[in-house]
Structure formats: C-alpha cells, structure tokens
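Subject: Handover of a model and notes on its architecture

Dear colleague,

Please find the structure below, followed by a summary of what was found in it. I would be grateful if you could read the notes alongside the coordinates.

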Amino acid sequence: MSWLPKSPKARRRLWVVAAVAPVLALAVGLSLYAMRDNVTFFFSPSEATPDKAPAGRVVRLGGLVETGSVARAGDGEVMFVITDNAAATRVSYQGDLPDLFREGQGVVTQGTFLPDRSFRATQVLAKHDETYMPREVADRLKAKGEWRPEGGAAARGVPTR
Amino acid sequence: MIVELGGFALILALALAMLQTGMAVAGRLRRSPVLAGAAEGAALAGAVAVALAFAALIAAFAVSDFSVANVAANSHTDKPMLYKVAAAWGSHEGSLLLWCLVLTGFGAVLSRARGLPFGLKASAVATQGVLGVLFLAFAVFTSNPFARLDPAPFQGASLNPLLQDPALAFHPPLLYCGYVGFSVCFSLAIAALIEGRANSSFWPAWGRWVRPWALASWAFLTVGITLGAFWAYYELGWGGWWFWDPVENASFMPWLAGAALLHSAVVTERRGALAGWTTFLALLAFTFSMLGAFLVRSGVLTSVHAFAVDPERGLMLLAILGATSGAAFALFAWRAPRLKGGGMFAPVSREGALVLNNLFLTAACATVLLGTLYPLILEAANGATISIGPPYFALTFVPLMAAAFVIVPAGPLLAWKRGDLNGVIQRLSVAVGLALLIAFAGWMAFEPKKALSAAGIGLGAWLILGTLAEVVERVRLFRGPLAESLRRARGLPLGAWGTTLAHAGLGVFVLGAVVETGYRIEAARPLAPGQTIEAGKWTVRLDSVRVVEGPNYLAEQGRLTVTLRNGAAPRMVTAERRFFPAGGQTTTEVGLDFRGLDDVYVVLGERGRTEAGAAAWSVRVWWNPWARLIFLGPAIMALGGLLSLLDRRLRFGVGRRRAPS
C-alpha cells in the first residue's frame, strides 16, 4: 500500500494510533453518554426545591428519620418523614428497611418526587456501621448547625419482645 | 508485656526499613555487595519484626486485653475465637499492620530472590525499603494498634457483627496479599527505570522477574475480591453481589491494571517489546492499590462500606500516594523514552492481540476510575453532591469488556511476530458456530426473552469454547490417535494450562453474571406461618419462626420449605434475623438453597402483622439462576494463575538456574 509510511517505525506508530483511537473514542463516547443520564444528585429536604428536583427525576434524598414518623401498612409499605430540621419530606417505600434504619438517625434514600412533593423511594441505602452517618447528611446538618454526633443511638428492642 | 513487645517490634521494623533503604542505596552507589547484602538482611529482619508485632496484636485480641484501645474498640469476650483473631485485621489500625506485614514479607522474599543483577536488585530493595518506611511510619505515628487505654474498660465494644463471618475473616488477608503484592512489581519497575538500558537481553529477563509477582498478586486479588462479593451476596441480604460501590471499585481497579500488567509482561518477557508500557502498568497497579487504601480509609467518598473514617489520616495517605506515585511517574517520564526494548511485530500477531487486550483493559479501568472519582471532582468544582450508580458502569465498563472478550480466544492461537488471521478464524469456526447456537438456545430457554442477555450467554460460551478450541488444536485432538493427544497434553507447559483455565474461568463467570443479572426473579410479602410466596418456578412456605440464642446474639430463626410450584423437590432452609446486644445491631442471615447452578435466596425480614392481626414476617425471596457460576468462575481463574505460577520457567525466586552452556 503506497500511502503507508515507508519506515517500519512510522508504520508501527500508525498502527498503534489506528488501534488506540477507536477504543479511546468508544470509551470516551460511552462515558459521556452514560454520565448524562446516570448521575444522581443528592439533596436534603430543604434543598429539594421543585426546580432543582422536579417530579419524576431520580434523585437521592437524605436527612434524619423524624422520630415517631415511621408507619407500616400491612402490605409491606412503609412511610416515614425525612427532615433536616429546616424542612421535612414524606417518604413512602415498598419493601424491607435495611437492618440499620432507625428513627432519629441519618438515612439516604433514592427515588423520585411525586407531583404532590412527597417522595417515592425505590431504595433505602444501608450502611455497614451503626454509628455511621452518611457523609452528605452530616455535611448538610453541620451547615445548618443541627449536627449532633451522638445521633441518638437508642437501640430498638430485641426481636423477642 | 506482649503488647509492649509488639509496639517495640513495630518501631524496630521502621528503623530496619530505614536501614534497609540507606544501605541498599549506599550499596548500589558504591557497588558494594556487602552493603547491599546487609540491606537484604535488614529486609528479612524487618519482616520478622512486623510479623512479631502482628502476632502480639493477635495475642492481645485472643486474650481480650481491653487495656489496648484497638482491642477494646473492636472485640468482645463473647465472640468466637476465629472472630477474635480476625478482628485483629478488622479495624483501620490492625488492617494497616496487616498491610505492612505483607509489604515487608514480600520485600523479604524479593531480597532472597536469586539471579537478579546486582544493581537492579539493590535498587528494588531500596524502593521496597522506602515504601516500608512510609507505611510503617504511618502506622507508628498515626495509627498505632498498640495504644493503651487507661483505665481499661471491662468489656469491648465488639466488631460490627456483619463482619462476623468466615468469608470476611479471610477476605482482608487475601485482598492485601494482592494489593500489596503489586508493590514488588512497583519496586522492580522503579529499579528497571533506574538501571534499564536499551538492551535486547535486559527486558526479557526483567519480564521474567516481574511476571510471577504480577501473577501471584492478581490471583490473590481475584480470590480476595470474590470472597468479598460472596460475603456481600449472602450476608447483606440485598440479593446482589456487586454494587459498583466506590470501595468495590477501589479493589477492582488494581485487579484490572494487574490483569493488563500480567498480559503485557508476557510480551516483554518473550519478545522484549512493550518495555515502557509494562513498566508503566507495574507502577499503575500499585498506584491503584494505594488509591484504594486512600479511598477506603479517608471517607472522601460515600460508600456502603464505611471503614474507620478519618479525614486527617486520609490526608496522610494521600500525601504518601502523591509522593510515591508522583516520584515514580516523574521518573518514568524522564527515563522511559530511553527504554527501547526492540522486538518489532506485525499488527496481527500474538503481541498485537495482547496490546489490544491491554488497550481494552486500561480503557475499561479508566471508565471505572472516572465513575468512582467524578463525584469528588464535581463536588470540589461546584459543590453539588452526586452519586454514580450501576447504570453508568453497565453502559461503559460492560461494552468495553465485552469487546475485549471477543478477541480473548484468538490471542493464544496467533503466532508471535506475525500471525495468520485467516487460519485462526478457520480454527475457531467451530467454536463460533457453537457459541452462536448456545446464544440462540439461551434466547429460547429463558423467559422473558432478552436479546442482550442472550448475546452475553453467547459471549460466555465463546470464551469457554474458544479457549478449549485452542487446547484441542495444540494437542491435535480428533486429528490422530488419542494416545498421541494425551502425550501432547502432558507435554504442554503448565503456563499454557494456566491461560486456558483463566480464560475459561472468565467465560464461566460471564455466563453466571449475565444469567443472574438478566433473569433473576424477586418476590416479597409478609407471611404468617403456613403461608407461601412464589418466585418464578419456586414456592417458599414459612413453616415456623422460633427464637434461638447464639454465642453473642439472639435470633429469630425462620424455617422455610422451598419446593417447585407443584410441591415437588421440597428442601428446608433456615433464615435468621440476628440481634447483637453488644452493638445494638441487627443483621440478616440469608437462607440459601442451592439448586444445581441456581440459588433460591431467602431473607427473613421484620416481624409485623397481617390484616387479620396474626404475627407475620416479611419474607423476601430471590431466584438467582446460575448464581453459582459467578463465584466458581473467578475461583477457576485464580487456579489458572496458580498453575502459571507453578510453571518451572517462572518459579518464585529462581532465576534461570544454570543455563545450558
């Protein structure tokens, strides 16, 4: 092929570019495409205004589970209120709550806002550690001066109750 | 007393690491074998000192010495002995000591290696010494596991009960053998950058020294990650085994870089080519290991795996990472242009296929890196807090790896220097046909019908069949007498069998991952005793729930019966919900019913009431088809790595013994 460079070195370089370029383009293209739709923003209840978190868009909502707000319906539906002590949002969730979900403690949920500004959670994120506060929640609470490191770790009763 | 000895041994190890570095550097500069030999002695003594310190820590945990802050924070007298010992590496301080133990231990093995040229070995021992100094100093000054408490509490705070599990007891040691094993590759790469020349005989020899370390680390990491995934699968009770969580990605990136490294090291060893690229990957693999340590221990990223989170220590780790990797890559930028390994090859050749493999692996690794760090970058840039979930990785990582998998079986069939693509396609045509048939069969067999999952099944089958086709080709099966084929099979080097197993294991994993992800069925419902729930073709009945007492927990134990829908093939499973009074925590013990390759996965949830007012438990059931293969595949891959390691040509610490002259 006469249009190929004469020297073997340049020829090899051309081959390398010919191999690298499409793979790199594929990787970059896929990343950009995937980034557009699969980035989930995190809000606390007072930040989650309708313009930032419109109904139907998947976002994460985090804060403290308001004490006394957890109510269970018979069909596995759970309702609770997430608060950052400046605003509160009603959350509904279908399914089992993680083992470490407690009233008065931090929680992060993922889901969508409904038109009435209540939140439909598809996921309640569990943490491995009972003393752990999700970092976004801790940051927001600190910013609002509501940070209490002890977090009220009153354990719920033993399963024999 | 033992604790004081442990603390002393740790400080001694730090001093020995300094000595090791100093003497190795001096020995290299003065070309003094005596000094270099002394440095090697210091490396060995340092490893022994860290081992003593580690033994002292384990002893403190075994006797529940709560005057040690670390023991008080992570242990409890009620815990079974295995978990008391395992708690020694369950905390930040203890696991860092384990990290140091592996680092100095592998450094000691490196210092015993024979056959390395004087300069290269002295430089590598010096580099390993520098790493030892940095991490031991970090342990001694910021994370001393032997710090005392006064007054000593009567009872410990206990380790997180989720970690009380056999898989997790062995997960960290294996993982760290992998992570830190790459430190030797790192040191050898630095040494090669300092000592290397544009010499046709240097690079193949260097490749031969690096490869066993890359192989061993990669195999350890494979087993470690798989154990972790298996633990997450049956202990967390979320039904999944991989969540693309930052901490999981942190262990996965060194694995990807290590996989690229061990492939490109083959090219460097056999052909002397790609010298600069292999060095780069050796530096990269350990950089990712350190990055992982930083991400896990600093808490900069929100992860479901909350480790001891401490920003200040995170900053120190970041400084270590920046200093070592920064210096290493600066050295690389300065020296690499002079490293000419030679060894030209045509685009279609074994080398070419391995280059393409490396390209895909590193591109895939880069997308994982971007997905892991992008939330950090964005938060630093404009303060928005985001998270990047599994869909991102499914759209970026998966297609790139799928493209890589297409070429995997072709690689070993191509000749070095210049391959015959048409010949390879001919020899693989049967495998291609069978894989397409299997994809079609998969499309027909599973409901609902999913084209992408069927394609994935075909890809997994292609990996297995294509790899086997290569063996069939090499032993000339079906082409002559069987005895001749058997004789040829015995004659194949272990390394070739290692490749075969690793590639076939990858195929097994792909089959499991594709089918489990594509066709798993989940069902959940509150059940009173005697009621049933259905998931796919399975029916699960809750028989009874009773309270049982464990060594350090109380549990509600559900007994359930899994049957086919028509009531055939009944089998009992027990699922528990355990309450640990020491930490006030509840954990889930999944009930697993192994049905051939499938799992019926049962989680007993909270107690509630039915509409009628009777006691009921929310029961969640998953039917995970072919889930066994997800964990079997990586085990086969690691076995392949082990076989390759046992290959005579690559044996540990053995140079080329008495080359025939």
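Two strands are said to pair if DSSP finds at least two bridges between them. Helices (H or I, at least four residues) and strands (E, at least two) are DSSP runs, numbered from the N terminus. The model is predicted: local features need pLDDT of at least 70, side-chain atom pairs count only at pLDDT 80 or more, and totals for chains, interfaces and linings use all residues. Residues are numbered from 1 along each chain as its sequence is written, while chains are lettered from A and ligands numbered from 1 in the order in which they are written.

Domains of chain B

Chain B is assigned domain 1 (1-164), domain 2 (191-408), domain 3 (420-519 + 630-635) and domain 4 (521-624); such bounds come from an automatic or database domain assignment. Between the C-alpha centres of domain 2 of chain B and domain 4 of chain B the separation is 40 Å.

Sheets of chain B

One open sheet has 4 strands in the order 2-10-9-8 (chain B), paired antiparallel. Its edge strands, each pairing on one side only, are strand 2 (521-527) and strand 8 of chain B. On average, neighbouring strands of this sheet are turned by 20° against each other, direction ignored. Strand 8 (residues 591-595) of chain B is joined to strand 9 (residues 598-609) of chain B by 5 bridges, and the two run antiparallel. B:Arg595 has B:Asp598 in strand 9 of chain B as its bridge partner. The hairpin of strand 8 and strand 9 of chain B has 2 residues between the strands, and B:Gly596 there takes a positive phi near 60°. Strand 9 of chain B also pairs with strand 10 (residues 615-624) of chain B, in the antiparallel sense over 9 bridges; B:Ala616 in strand 10 of chain B is the bridge partner of B:Gly608.

A further open sheet has 5 strands in the order 3-4-5-6-7 (chain B), again with antiparallel pairing. Strand 3 (532-535) and strand 7 (585-589) of chain B are the edge strands, each pairing on one side only. Neighbouring strands of this sheet are turned by 25° against each other on average, direction ignored. Strand 3 of chain B pairs with strand 4 (residues 538-549) of chain B in the antiparallel sense over 4 bridges, and B:Glu534 has B:Thr539 in strand 4 of chain B as its bridge partner.

Helices of chain B

For the helix pairs, axes are lines fitted to C-alpha atoms over the stretch in contact, and angles run from 0 to 180 degrees between N-to-C directions. Angles under 35 degrees count as roughly parallel, over 145 as roughly antiparallel, 65 to 115 as roughly perpendicular and the rest as oblique. A crossing is left-handed if the near helix is turned anticlockwise from the far one by less than a right angle, and right-handed if clockwise.

Helix 2 (residues 33-62) and helix 5 (residues 92-112) of chain B cross at roughly 150°, their axes coming within 8 Å. Helix 2 of chain B and helix 5 of chain B are therefore roughly antiparallel to each other, and the crossing is left-handed. The 30 residues of helix 2 of chain B should span 44 Å at 1.5 Å a residue, and its end C-alpha atoms are 43 Å apart, which agrees; the expected span is 1.5 Å times one less than the number of residues. Just after helix 2 of chain B, B:Ser64 takes a positive phi of about 50°.

Helix 7 (residues 166-195) and helix 10 (residues 275-298) of chain B pack at an angle of about 140°, with their axes 8 Å apart. This makes helix 7 of chain B oblique to helix 10 of chain B. Their crossing is left-handed.

Helix 15 (residues 451-475) of chain B has 25 residues and reaches 36 Å from its first C-alpha to its last, close to the 36 Å expected at 1.5 Å a residue. B:Arg476, which follows helix 15 of chain B, has a positive phi near 55°.

Where chains A and B meet

Strand 1 (residues 39-43) of chain A and strand 1 (residues 386-388) of chain B run antiparallel and are joined by 3 bridges. A:Phe41 stands opposite B:Ile386 in strand 1 of chain B, and A:Phe41 has A:Val59 in strand 2 of chain A as a bridge partner.

Kind regards
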